[in-house]
Amino acid sequence: MSIQIPNKLTALQKKKLISWLFLLPSLLGVLLFFVAPFGVVIYYSLINNPIQKEFVGLRNYINVWKNAAFQQAASNTFVFSLMAVPLAVILSLFLAAVMESRIPFKSYFRTFFLSPLMVPTASVVLIWQVMFHQNGIVNNFLSVFGNDKIDWLKSDKAYIVIVALFLWKNLGYNMILFMAALASIPKDLLEVAALENANKWQVFWIVKVRYMSSTILFVAIMSLISSFKVFREIYLMTGDYPYQTLYILQHFMNNTFASLDYQKLSSAAIIMFIVVTILVYAMYAVENWFGKDIEG
Amino acid sequence: MSAQVSFKNKYKKKKIRIDNFKTVLVTVAAIVFAFIFLLPTILTITNSFMSASEISANYGSIFATTEKGGKVFISKTVNLKFIPDMVSFTQYFTVLFKSPEYLFKFWNSILYVGPIVVFQLVIATLASYGFARYQGRVKNIIFFAYIIMMLMPYQVTLVPNFLVSKAIGIYGTKWAIWLPGIFSPFAVYLLTKFMRRIPTEVMEAASIDGANEWYIFSRVCFPLCKGGIASIAILVFFDYWNMVEQPLILLPDSDMHPLSVFLSKINSGEISLAFAVAVIYLIPPLLIFLYGEDYLVEGISYQGGIKG
């Protein structure tokens with residue numbers, strides 16, 4: 001006995017070591033392409049230029065922070081995300097509720113709602129242009145109600161178009177997440193709510209939404225991440241230099257890449273890294289506070 | 001499902017009428033949404049069957065440019081048509097047989113996306129097994145780092161990608177797109193969550209029978225994960241087929257760009273071709289979507305909740 005136990009332990013340790021071998025290719029790749037260069041990014045953000053390599057503290061950050069283009073891009077991105085993310089959560093929750101109710105041809109509707117997910121942005125950009133042009137369909141439609149024509153993509157209302165495109169692309173994905181969460185709510189929880197004479201509204205807010213709080217968090221985070229990707233739509237529709245309100249962070253980064261200003265680029269990336277981390281952490285905190293009594 | 005239905009029935013026996021009314025209302029809402037969701041895709045497809053003259057008659061005022069001084073007759077308003085006046089395949093014919101550049105860019109897209117999907121999944125399957133088996137503190141910390149990396153937008157990750165590709169001399173080559181794609185933490189994250197749901201006993205049973213780790217991985221774990229791998233492959237494919245940011249920054253030579261970037265650069269003279277090209281670009285994801293929708297839905301469902 002006393003000999004067997006250490007033997008078993010080393011066998012287990014051996015297996016654990018082997019399990020690290022499975023991780024190795026991915027770890028090496030991630031180290032080389034993400035982690036190590038990220039260290040370099042931090043380093044670049046703290047020196048004056050790649051030749052002199054003089055430590056300048058936070059000066060690069062202050063410069064980027066004060067940069068007018070960065071401020072414009074950051075505030076545009078922020079305003080966009082602030083509108084797009086809550087709308088994405090609410091509307092996809094609504095769609096999931098629609099899919100939960102008794103409607104015919106459910107599986108077809110699921111397919112239809114999910115279909116924009118697979119459509120490459122490049123393929124539908126032409127149609128979006130036709131729709132939102134000054135003489136486009138949306139204006140034709142609105143003029144029936146007596147609205148003036150707007151050149152959507154070259155006006156202060158351009159972000160409405162982009163929010164619409166964002167929702168079009170992402171609602172289906174979020175809807176599936178919510179459908180899965182709704183299906184996983186224990187039925188006895190709903191039975192109890194019924195026994196206690198809860199009305200539908202109460203069941204929805206107190207039982208379902210609370211039970212789904214971690215999914216809501218996930219949907220919010222994923223929507224936030226994809227809201228940073230709307231650059232695709234904007235770029236493919238309007239090119240490198242869009243109307244002022246459509247100039248977002250990716251444009252700023254692209255132009256900085258073009259000028260090879262490593263200091264600006266690195267500091268901007270680190271600032272964004274910090275902001276995204278804080279936002280994700282804040283959402284976690286809210287979710288913890290909101291759904292703490294239904295852990296598990 | 002049946003429990004829920006009976007629960008509903010019990011609760012609302014007297015409200016059948018209201019219930020029917022509600023069903024109609026919800027169905028109408030669903031139809032309206034479905035219409036909006038399908039409209040752009042359907043319009044793109046129907047427009048691709050229009051002749052060049054019909055396209056310019058319909059959308060001339062949007063895409064026509066008079067930069068070169070030529071006068072183009074165009075109508076002021078835009079006509080949106082669902083169905084072409086005359087179905088014409090000339091656009092497709094031109095794209096497929098007369099304009100090799102589009103096919104060339106299409107081939108570029110396949111060349112980038114194919115290897116990324118295959119190798120990202122190979123590496124992720126291995127890594128997920130490593131993460132899911134014998135979890136420990138260190139592994140959990142590393143896994144958390146993977147999540148953070150996955151959540152970072154391109155604006156952040158492209159900077160390290162750019163620096164590394166310059167440093168090791170792959171900037172401007174296909175490898176600059178391939179390698180960061182292959183090592184992306186996205187599939188690792190999803191597949192690890194998938195594998196963690198496999199009961200430990202299943203793998204331990206094989207282990208006690210004397211199977212080595214590779215055997216357990218390839219004969220026990222892998223067969224159980226096939227569905228998950230397929231669904232993640234679909235998601236990865238959609239994501240990279242749609243790529244715009246990476247080529248813009250990592251490939252200065254626009255000849256190497258995939259069709260997803262090139263399509264927007266199409267000049268106004270060839271605007272009638274653009275719809276046909278757009279549809280051709282849509283076909284691979286469309287087929288994958290139609291055949292793999294259930295996998296896709298399953299794969300998305302597995303993602304809910306970062307904590308899990």
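Chain B contains 14 helices and zero strands, where helices (H or I, at least four residues) and strands (E, at least two) are DSSP runs numbered from the N terminus. The model is predicted: local features need pLDDT of at least 70, side-chain atom pairs count only at pLDDT 80 or more, and totals for chains, interfaces and linings use all residues. Residues are numbered from 1 along each chain as its sequence is written, while chains are lettered from A and ligands numbered from 1 in the order in which they are written.

Of the 308 residues in chain B, 43% are buried; a buried residue has 20 or more other C-beta atoms within 10 Å of its own, with C-beta atoms placed from the backbone. Among contacts in chain B with a separation of 6 or more, 77% join residues 24 or more positions apart; a contact requires C-beta atoms, placed from the backbone, within 7 Å.

Helix H5 (residues 100–132) and helix H11 (residues 213–241) of chain B have axes that come within 9 Å and cross at roughly 145 degrees. Such axes are lines fitted to C-alpha atoms over the stretch in contact, and angles run from 0 to 180 degrees between N-to-C directions. On the H5(B) side, the contact includes B:Ser109, B:Tyr112 and B:Val113, and on the H11(B) side it includes B:Phe217, B:Cys221 and B:Ile229. The contact residues comprise 15 nonpolar, three polar and no charged. Here Ala, Val, Leu, Ile, Met, Phe, Trp, Tyr, Cys and Pro count as nonpolar, Asp, Glu, Lys and Arg as charged, and the others, Gly among them, as polar.

B:Leu191 touches residues including B:Thr125 and B:Ile229, not counting residues up to four places away in sequence.

Chain B also meets chain A: 84 residues of chain B are in contact with 81 residues of chain A. Helix H2 (residues 16–47) of chain B gives the most to this side of chain B, with 13 residues. The table divides the residues of that side by class.

| Class | Residues of chain B touching chain A |
|---|---|
| Nonpolar | 60 residues |
| Polar | 18 residues |

In chain A, helix H11 (residues 231–238) is largely enclosed by the rest of the structure, because eight of its eight residues are buried. The buried residues of H11(A) pack against helices H5 (121–132), H7 (158–183) and H12 (249–259) of chain A, together with helix H12 (245–250) of chain B. A:Gly239, whose phi is positive, near 80 degrees, follows H11(A).

Methods: Contact = placed C-beta atoms within 7 Å. Buried ≥ 20, exposed ≤ 12 C-beta atoms within 10 Å, placed from the backbone.
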